[in-house]
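Please read these points with the model open.

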Amino acid sequence: DAILEDAISLCKGKRSSDMASLLQRKAKVAAARGEEDVQLQYLYQAFSIDRNNGYLAAELADLAEKLENWDIATKTLRSIALLEGPCPITRTQSYIRQARICLITGDEQRANFWVKKAQKEEPDSPEVKEMLAVLGED
C-alpha cells in the first residue's frame, strides 16, 4: 500500500493509463481490507482516467451494482456500450443490466427503452428474451 501511495504521489496530476493502473491496484488493496466503498472510489477514479479500459469498466460496473450504487453502475454501463475495445461485458449485457437497474429504481419506461436496444443488438439472446418476459413484452 505504501509503495502504491508513493508511486501515485509521483504521478499526481498525470492522467495516464499508468496512473489508472496504480489506482486499480489501490482498489485491490482496499478490497483485501474489506473496504468496498473505498475500492469503488479508487476504481471510479481509475476509470475516469482510462475510459477505454473495458476490463476496468467491467470491474467498476460489477462492484457498483453489488454495492447498489446505481448512478455509478449506470454511467459505467453506458460507457461500456460505447467501447470499441475488449470488455468482459458485451453491449447487449450492458443494455440488459441498465434495464434491470431501471426496474429496481422504478423506471419501467426506461427499462423498456434499454431492453429494446438490447433486442436490436442481439434479438435471439436468452437474456433479452428473459427481460422481455419480465417486462411483459414477450
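1. Cys87 touches Gly54, Ala58 and Ile80, leaving aside residues up to four places away in sequence. Contact here is heavy atoms within 4.5 Å. This is a predicted model: local features need pLDDT of at least 70, side-chain atom pairs count only at pLDDT 80 or more, and totals for chains, interfaces and linings use all residues. Numbering runs from 1 along each chain as its sequence is written, and side-chain values use heavy atoms, with hydrogens and water left out.

2. Cys87 is also among the residues with the most contacts inside the largest nonpolar core, which has 24 residues. A nonpolar core is a set of buried Ala, Val, Leu, Ile, Met, Phe, Trp, Tyr and Cys residues joined through side-chain atoms within 4.5 Å. Buried means under 20% relative accessible area (1.4 Å probe, protein chains only). Helices H2 (17–32), H3, H4 and H5 each give two or more residues to this core. H4 supplies the largest share, seven residues. Helices are DSSP runs (H or I, at least four residues), numbered from the N terminus.

3. A second, separate core has 13 residues, including Ala81, Tyr95, Cys102 and Ala111.

4. Which residues of H5 are buried? They are Ile72, Ala73, Thr74, Thr76, Leu77, Ser79, Ile80 and Ala81. They pack against H3 (36–49), H4 (54–66) and H6 (91–104).

5. In H3, the buried residues are Gln39, Leu40, Tyr42, Leu43, Ala46 and Phe47. Down the axis of H3 they fall within an arc of 165°, so they line one face of the helix. The arc is that of the directions from the helix axis to the C-beta atoms.

Methods. Buried means under 20% relative accessible area, exposed over 50%, partly exposed in between (1.4 Å probe, protein chains only).
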